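Keep the model open as you read.

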Amino acid sequence: MDKILVTTDFSSNSKSALRFAIQLASQHKYELTFFHSYIISKPTAWSKSKSKSYEENETELIQKKLDKFVDSVYKNMGIIAKNKTCVIHNSADSDINAYAAQNKYTFICIGTRGAGTLQKIFGTTTSDLINNSIVPVIAIPHNYRPEKITSILYPSDLANLEKELKKVVEFTKPLKAKVELLHFHYPAEITNNKKAMNEAAKAFSKHNIKVHLEDINLADTLILNIEASIRKSKPSMMVMFTQQNRSFFDKIFLSSKSAEYSFNAKIPLLVFNKA
């Protein structure tokens, strides 16, 4: 069974990741693990026995808090919990990347912070995950509300198209969702690009794939071009592939390192490592 590691810090923003994962699991049999890392501070003057007793008590309280937090989200969604586990780890001994990889999770799901500059939206933890995680990461907007996942926007640079499209189809097939294959082209590229996209779609003809070849607006960043397409097609979520030897933000969202654009995350984003 596919497994999703869903991270939470008990904030209202982090509930978006829980809502998305629960919705996803309602459409396909995913095993959900709700994960919280913590630090317990203790006075150094305490004896070992007192420190141990305090730590055990605090750990029990944190576990109960996570159980209650997760149960409340299920209750508010009107969904009975199935195939779910709640796990807490001392942050000094745990790492989300390592934990997800060692336990062979299919995806990591994490909530974003909201509107603002990119680093503020995603936060250090999310950006680090996207840039470094071997396990694909799903970043969920803070204001996400559950809805059936029916369509996936997949913006492609056409490099390794069939290999990437195979991964997208593997994700969308059990959800019975269609794939919106999107590429922005320059006028001189249209013939070859259209041929490559149609051939890829033909190779996956058993699946619901719609091809979109659009002129790029050179006055805008790539993300603004994508946002315009999102407004038109209204997908349930988006899938991207990124090379982790370059900054995800520099490569995908920013036209230059000197520019900083605001980006309102409106739909869930699944990021695969191109490698």
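What follows moves from the whole chain to one helix, then to loops, a strand residue, cysteines and aromatic rings.

This is a predicted model, where local features need pLDDT of at least 70, side-chain atom pairs count only at pLDDT 80 or more, and totals for chains, interfaces and linings use all residues. Residues are numbered from 1 along each chain as its sequence is written, and side-chain values use heavy atoms, with hydrogens and water left out.

Start with the whole chain. Its secondary structure comes to 8 helices and 10 strands (DSSP runs numbered from the N terminus: H or I of at least four residues for helices, E of at least two for strands). Of the 275 residues, 48% count as buried (under 20% relative accessible area; exposed is over 50%, partly exposed in between; 1.4 Å probe, protein chains only). The chain exposes about 14500 Å² (Shrake-Rupley method, 1.4 Å probe; for residues, only the protein chains shown count as cover). Carbon and sulfur atoms supply 48% of that area. Residues 24 or more positions apart account for 77% of them.

Next, turn to helix α2. It covers residues 48-77, 30 residues in total. From first C-alpha to last it reaches 44 Å, close to the 44 Å expected at 1.5 Å a residue (1.5 Å times one less than the number of residues). Its buried residues are Ser51, Ile62, Leu66, Phe69, Val70, Val73, Tyr74 and Met77. An α-helix has 3.6 residues a turn, so residues three or four places apart point the same way. The cover over the buried residues of α2 includes α1 (15-27), β2 (31-38) and β3 (84-90). After α2 comes Gly78, with a positive phi near 70°.

Two residues other than glycine also have positive phi. Leu158 has a phi near 75°, and Asn160 has one of about 55°. Leu158 sits in the loop between β6 (151-155) and α5 (161-172). Asn160 is found in the loop between β6 and α5. Leu158 counts as buried because its relative accessibility is 17%.

Strand β6 itself contains Ser151. At 4% relative accessibility, Ser151 is buried. Beyond its neighbours within four places in sequence, Ser151 contacts Ala177, Lys178, Lys234, Pro235, Ser236 and Met237.

What of the cysteines? Cys86 is buried at 13% relative accessibility, and Cys109 at 1%. A search of the whole structure finds 0 disulfides (cysteine sulfur atoms within 2.5 Å).

Last, the rings. There are 11 aromatic pairs (Phe, Tyr and Trp rings, the six-membered one for Trp, with centres within 6.5 Å; planes under 30 degrees apart are stacked, over 60 edge-to-face, the rest tilted). Phe34 and Tyr74 pair edge-to-face, at 6.0 Å centre to centre and 85° between the planes. Phe34 lies in β2 and Tyr74 in α2, so this pair ties together parts 40 residues apart in sequence. Phe34 is buried at 0% relative accessible area, and Tyr74 at 4%. Tyr99 and Tyr105 are stacked because their planes meet at 25°, with centres 6.1 Å apart. Both Tyr99 and Tyr105 are buried. Lys3 lies over the face of Tyr105, 4.5 Å from the ring centre (NZ of Lys or CZ of Arg within 6 Å of the centre and within 35 degrees of the ring normal). Finally, ring pairs link Tyr30, Phe107, Tyr154, Phe171, Phe241 and Phe272 into a cluster.

Note on methods. Contact means heavy atoms within 4.5 Å.
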